[in-house]
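Dear colleague,

Please find the structure below, followed by an account of what was found in it.

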Amino acid sequence: MTGGQGPPRSVSRILSAAIVGLALLGGVFVTLLAAADGGLLDRPIQRWASHRLGRTVTFKAMRIQLLSRHPQMEVDGLSIANPSWMRGSVADVARLSATFQPSAIFKGSLEPTTLAVEGLALHLFRSNSGRNNWTFGQGRQAERAFGPLRHVQRFSLAGRVDLVDLQRKLRFRARVTHALAGSMPLLLEGQGELEGIPLRLAARGGPLHSASVDRPYPFVARLTDGATTVVARGTSGAAFDLTEFKLAMDARGPNLADLGYLFNLRAPNSPPFRLVTVAEGNGARFVFNPLRVHFGGSDVRGWIHSDHMTQRHRATAELWSTIWTKEDVRAVLAPMPPRITARSLSGAVPREIPSRWILPDTAFPIENLRGLDLQARVHVRAVRGYSLPLDQLD
């Protein structure tokens, strides 16, 4: 061997070694896939999934066919445990089925192209202190809730959701389905109790998979509470997450006070009403603009900003009205009725016995303003029903 033959032979040896190394790695990969197909990796997979979620993950059976022209996987009896401070599970799935692209498998990717979830049972719980079982990890995750479904092309789901929220005194049970196609494939229908009083909710939403994962989530919902109905249509930051939202809302019923109970906001006692607004929320801050309300014989339009960032509720508003009637003013200033009354009965105040006073001398219900910092400008063209005409009132 001469000196001139050294480098080419060295390169060939390196290439040969590299090829052998790749062949060995390929053999190891194929061996792992075969082991997975044979069920030998069930326990390691459970341990890996538990580590990734920070919760115990178990399943009864897993069938994997990755070394196939049509790679697929089926998991029976999947269960995700509650956090350590709570017994039981947060989610159970009777069967989960997924398919994969063969080319993706050999690139080391296990992102499914189709996914079907059958027999889903979600058990959601929040305690009086605000601690819940549906938050995974510490704080808000950077990944969107349905980010893992970003590459799924076809997704179907069927199951139910049970929610117990002790903080809001809310219990709710609903069936949920997600069709394979359609602009609003998600359907949620259920009923429950708020403070022991029944209510119903029906909602439709956009896809939970594919490119929709990274877009504002569209939905339409109808909430029925006694004689009060609320129809909302708009978008939220993500599915089932109303931390941020923008929606058009049309509500009507016997008493505005019921909206306060339903949405944990302040709303006054009133005669029968209709409210139309565009509502935007960002965390604990809410904006209602434009806002139009008709109740009894009176009308109001304008805007309201509401801030719940601190223990004291802060609100600013500017409102205009064509006419207020004395009966409606008395109703708004009356004490708040209990929810069992507000959801079905008008808050109109009976006509008072005529007196010698120009304005009524009834006590103002100061408890309606406790814990509230309110700065509002109100412009009324005419107030009718008092002994003196009140026009252009600011």
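Helix H2 (residues 42-53) has twelve residues and spans 17 Å from its first C-alpha to its last, close to the 16 Å expected at 1.5 Å a residue. The expected span is 1.5 Å times one less than the number of residues; helices (H or I, at least four residues) and strands (E, at least two) are DSSP runs, numbered from the N terminus. The model is a predicted one, in which local features need pLDDT of at least 70 and side-chain atom pairs count only at pLDDT 80 or more, while totals for chains, interfaces and linings use all residues. Residues are numbered from 1 along each chain as its sequence is written, and side-chain values use heavy atoms, with hydrogens and water left out.

Which residues of H2 are buried? They are Asp42, Gln46, Ala49 and Ser50, where buried means under 20% relative accessible area, exposed means over 50%, and partly exposed lies in between (1.4 Å probe, protein chains only). These residues cover an arc of only 100 degrees around the axis, and therefore lie on the same side of H2; the arc is that of the directions from the helix axis to the C-beta atoms. The face turned away from the buried side carries the exposed residues Arg47, Trp48, His51 and Arg52. Strand E1 (57-58) and strand E2 (61-65) are among the elements that cover the buried residues of H2. Just after the helix, Gly54 adopts a positive phi of about 75 degrees.

For the protein as a whole, the secondary structure comes to six helices and 18 strands. Of its 394 residues, 38% count as buried. Among contacts between residues at least 6 apart in sequence, 49% join residues at least 24 apart, a contact being heavy atoms within 4.5 Å.

Aromatic pairs

A pair of aromatic rings is described by the distance of the centres and the angle of the planes. How many aromatic pairs does a search of the whole structure find? The search finds two; rings of Phe, Tyr and Trp (its six-membered ring) pair if their centres lie within 6.5 Å, and planes under 30 degrees apart count as stacked, over 60 as edge-to-face and the rest as tilted. The rings of Trp85 and Phe125 have centres 6.5 Å apart and planes at 50 degrees, so this pair is tilted. Trp85 lies in the loop between strand E3 (72-81) and strand E4 (89-99), and Phe125 lies in strand E5 (residues 114-126), so the pair ties together parts that are 40 residues apart in sequence. Trp85 counts as partly exposed because its relative accessibility is 31%. The rings of Phe245 and Phe286 are likewise tilted, because their centres are 6.2 Å apart and their planes stand at 40 degrees. This pair links distant parts of the chain, with Phe245 in strand E12 (residues 241-253) and Phe286 in strand E14 (residues 285-295), 41 residues apart. Both Phe245 and Phe286 are buried.

Arg131 lies over the face of Trp85, at 4.1 Å from the ring centre. A charge sits over a ring if NZ of Lys or CZ of Arg is within 6 Å of the ring centre and within 35 degrees of the ring normal.

Buried aspartates

Asp258 lies in helix H4 (residues 257-263) and counts as buried because its relative accessibility is 0%. The side chains of Asp258 and Thr228 are joined by a polar contact of 3.0 Å, that is, a pair of N or O atoms within 3.5 Å; within protein, one must be able to donate a hydrogen and the other to accept it, and residues adjacent in sequence count only if both atoms are side-chain atoms. Leaving aside neighbours within four places in sequence, Asp258 is in contact with Asp225, Thr228, Arg339, Ala342 and Arg343.

Asp328, in helix H5 (residues 326-333), is buried with a relative accessible area of 4%. Its side chain makes a polar contact of 2.6 Å with the side chain of Ser298. Residues up to four places away in sequence not being counted, Asp328 touches Pro271, Phe295, Gly296, Gly297 and Ser298.

Asp76 lies in strand E3 and is buried, with a relative accessible area of 16%.

Yours sincerely
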